[in-house]
Amino acid sequence: MAARTFTIDDQLISAREGETILQAAREHGISIPTLCHLDGVSDVGACRLCLVEIEGSRALRPACVTPVVEEMVVRTDTERLREYRRMIIELLFAERNHVCAVCVANGHCELQDLAIAVGMDHVRFDYAFPRCDVDISHPLFGIDHNRCVLCTRCVRVCDEVEGVHTWDVAGRGADARVITDMRQPWGEARSCTSCGKCVLACPTGAIFRRGATVGEMERDRNKIAYIVAAREQRW
Amino acid sequence: MDISELLTIAEHERTMRRPTCIRCCTALGCQSAGSLSLKQRLEEAVAEVDRTDIEVIGVGCMGMCGHGPLVRVDPDGVLYEHVHAADAPSIVAALDGGDATAPRGDPQHPFFTLQKRIVLENSGIIDPERIESYIAAGGYQALYCVLHDMTPAEVIDVVTRSGLRGRGGAGYPTGLKWATVAKSHGDRKYVVCNADEGDPGAFMDRSIIESDPHKILEGMAIAAYAVGADQGYVYVRAEYPLAIQRLQRAIAQARRLGLLGAQIFDAGFTFRIDIRVGAGAFVCGEETALMASIEGRRGQPRPRPPYPAESGLWGRPTLINNVETFANIPPIIRNGAEWFAAIGAEHSKGTKVFALTGKIRHTGLIEVPMGVTLRQIVEEMGGGVPEGRVKAVQTGGPSGGCIPAALLDTPVDYESLQRVGSIMGSGGMVVMDDATNMVDVAHFYMEFCKDESCGKCIPCRAGTAQMLHMLNLIRSGQATAADLARLEQLCIMVKETSLCGLGQSAPNPVLSTMKYFREEYEAFVRDEGLAG
Ligand SMILES: Cc1cc2nc3c(=O)[nH]c(=O)nc-3n(C[C@H](O)[C@H](O)[C@H](O)COP(=O)(O)O)c2cc1C
Ligand code: SF4
Ligand code: SF4
Ligand code: SF4
Ligand code: FES
Ligand code: FES
């Protein structure tokens, strides 16, 4: 595989052909914030947190789905990007009901981590306070829509790794919700194998293990990528 | 089918014509005003006077839909408007002298005379339900000529040199798109006609299909030959039942005559067209969402590249063009690239169809050469606003913006409209008078975008909801000057970070009204001192 060299934030970097900007950056210890990206499943470019500037183009490009091009000059940390990322996180907090103090993921939540990483100290938008349900019909797991950021990581991991496609998205815009099977309660979704991959994948407290304490909600998200890699090596 | 058979059909159709032809509009606008029963009464009235030299035919849209139902009596070109079924006998009697009870329209009105009809050349003239009517107007000859006398590369060259740009909104050069699809490798290729038409107030594409469906099929077949596709889809929304019905009929007729299907014109070219009916979501007009919908998946966009030209339907090279873009193709092939390139403005060749609506005397469908000014359209063709004065013209629908009256001399071409903060868009044109509040206008479009956001990406999903909320605060007098600044900042962020064109353009109506009518926003803003 051919090598590519390009520049990120004034640092010269080599990458393999076909690699994304995000992969190459991470291999070199350059962090770009992400939310919808999850190692081991396909990328959808939906959260827009990984947007970067590429010299010579006004349009911002998502690092997670943009392949590296020889000699491209990428900036990941400009004032414009920092401001937009902060706004995106603020919009997420204002969109649903994120009350960290009473959330099972408190302290183990990627949304919290992102808020800290982008320097969000308050939310400049009014909270929408939508009515969101909690579904605890599944004997082992639960879904609390108040915490869902619609990253669709659960949808992809269940479809692409577990292979059963229990999760999907229904509705449009602000009314969009993740659903199980044909919008049945999770406990009645016949396709679910109770494998727990979606619990591992969820970045927030939206999908949780029932009865778990906050301390037990720490998730090893590398497991998904590990499973995928292990399979690929065996086949 | 060969060319002589085609010409025989055309000749036969012409010889069957009666000297006098009463044309009654049966496109949706006039149908909803009762033109079907009117047409029936006209037929009965002709039968009653026992005249075999008169025929009554149902035709497509004549343009001045706001004055419908419309009837035109040819060859004299007498136009009647607001015609009721009860007027039918008097219209027939008027052929022998005397006055019809229906009001006379003015075919010499600038509404008609300032038009240049290429896309709509057959609209209001031929019977859209009969393929013979289209063939008699020269239909399918361009396809024959392409299949027998031109290589695919030559076809693409003609389209490129014509300067035609996509009429679906963004104005991408059509020839370049075709060339890219032609060069892409795939075991199969597809041609898709985008007839989703989700913009509120727009009805151009629907009218074109209802009035001249074969033209779209012929344009698609020529495109398929040029890029090497063998399967086409027309993606049309379920809210357009008449358009769907006429397309279905047209496809069946074309197949029966061997103008679609295998071995078209015995040229070794195979092309099928199927209809895909969409549920009617604005975002499904976006090309990657449209393809997902055709494939049977949730209609939401994905990041591009890869572009459809490279990896489209089922991962294969796919050409997607708008209805009006395809409708331009047969005339371009028939008359040549130079003919087309001589019409219009420097970087915007040809004509554009607009659905002219809002506070204006003559609403309806017009086709004008690019480069005419907004003032000519609004004041001369549209007859100006009935009461008060023109305040602004909105073009481009929810993706576009409001152009203030002071800029009415802006020519209608892609670059000029963009320069004043709007876009050509697909052809919706809404005239607003001075009783219109521009914050309300921005609110209307934002509400639309918020409802139509697919929800996949955060800036658009949460941003449109938040912008709508802020507009509500402004309208209820609860916002401060700082809120206005925040709204503007949010608009720019959503524009620059959203995944697809919906989110990228949703802020445009707000930004353009804030730019030109800022005082109307400020009038709502409460005293800073009161802000807690
Ligand atoms: C939200 C959104 C809605 C769109 N709706 C339409 C539509 O209704 N009809 C259409 O032809 N193009 C629509 N487009 C543009 C198409 O994605 C595409 O660019 C176009 O069909 C290409 O055809 P053209 O090159 O002939 O213009 C839309 C784009 C976006 C972002
Ligand atoms: S537990 Fe496994 S099978 Fe069930 S929804 Fe989650 S990922 Fe899918
Ligand atoms: S439930 Fe969790 S993983 Fe699924 S979309 Fe919501 S936040 Fe993402
Ligand atoms: S911009 Fe809006 S419509 Fe487009 S992908 Fe994002 S959420 Fe969906
Ligand atoms: S991580 Fe790239 S868009 Fe979400
Ligand atoms: S619909 Fe009859 S004139 Fe337009």
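Select Gly163(A), whose phi is positive, near 80°, and which follows helix H4 of chain A. (Helices, H or I of at least four residues, and strands, E of at least two, are DSSP runs numbered from the N terminus.) The model on display is predicted; local features need pLDDT of at least 70 and side-chain atom pairs count only at pLDDT 80 or more, whereas totals for chains, interfaces and linings use all residues. Residues are numbered from 1 along each chain as its sequence is written, chains are lettered from A and ligands numbered from 1 in the order in which they are written, and side-chain values use heavy atoms, without hydrogens and water.

**Helix H4 of chain A**

(Buried means under 20% relative accessible area, exposed over 50%, and partly exposed in between, with a 1.4 Å probe and protein chains only.) The buried residues are Arg153(A), Cys154(A), Val155(A), Arg156(A), Val157(A), Cys158(A) and Val161(A). To view what covers them, display among others helix H3 (110–117), strand S8 (167–170) and helix H6 (222–234) of chain A.

**Ligand 3**

Next, centre on ligand 3, which 13 residues surround; the closest are Cys148(A), Cys151(A), Thr152(A), Cys154(A) and Cys202(A). The shell holds eleven nonpolar, two polar and no charged residues. (Ala, Val, Leu, Ile, Met, Phe, Trp, Tyr, Cys and Pro count as nonpolar, Asp, Glu, Lys and Arg as charged, and the others, Gly among them, as polar.)

**Residues 80–119 of chain A**

Colour this span separately: an unreviewed UniProt entry annotates residues 80–119 of chain A as "domain: 4Fe-4S His(Cys)3-ligated-type". The end C-alpha atoms of the span lie 14 Å apart, and the span is 60% helix and 0% strand.

Move to ligand 4, where the closest of 13 surrounding residues are Cys454(B), Cys457(B), Cys460(B), Cys500(B) and Gly503(B). The shell of ligand 4 comprises eight nonpolar, four polar and one charged residues.

Then select Ser498(B), in the loop between helix H20 (481–497) and helix H21 (501–505) of chain B. Ser498(B) counts as buried, at 2% relative accessibility. Its contacts include Arg48(A), Cys457(B), Cys460(B) and Gly503(B), not counting residues up to four places away in sequence. (Contact means heavy atoms within 4.5 Å.) Between Ser498(B) and Cys457(B), the C-alpha distance is 6.6 Å, although they are 41 residues apart in sequence.

**Ala442(B)**

Select helix H18 (residues 438–452) of chain B, in which Ala442(B) is found. Ala442(B) is buried, with a relative accessible area of 0%. Leu471(B), Pro509(B), Val510(B), Thr513(B) and Tyr521(B) touch Ala442(B), not counting residues up to four places away in sequence.

**The nonpolar cores**

Finally, show Tyr140(B), Trp178(B), Phe265(B), Phe271(B) and Ile377(B), the residues with the most contacts inside the largest nonpolar core, which has 111 residues. (A nonpolar core is a set of buried Ala, Val, Leu, Ile, Met, Phe, Trp, Tyr and Cys residues joined through side-chain atoms within 4.5 Å.) Helix H11 (residues 213–227) of chain B supplies the largest share of this core, ten residues. A second, separate core of 51 residues includes Phe93(A), Leu114(A), Val118(A) and Leu468(B).

Technical notes:
UniProt positions are given in the numbering used here, feature names are shortened, and annotations may be inferred rather than shown by experiment. A residue is near a molecule or strand if one of its heavy atoms lies within 4 Å of it.
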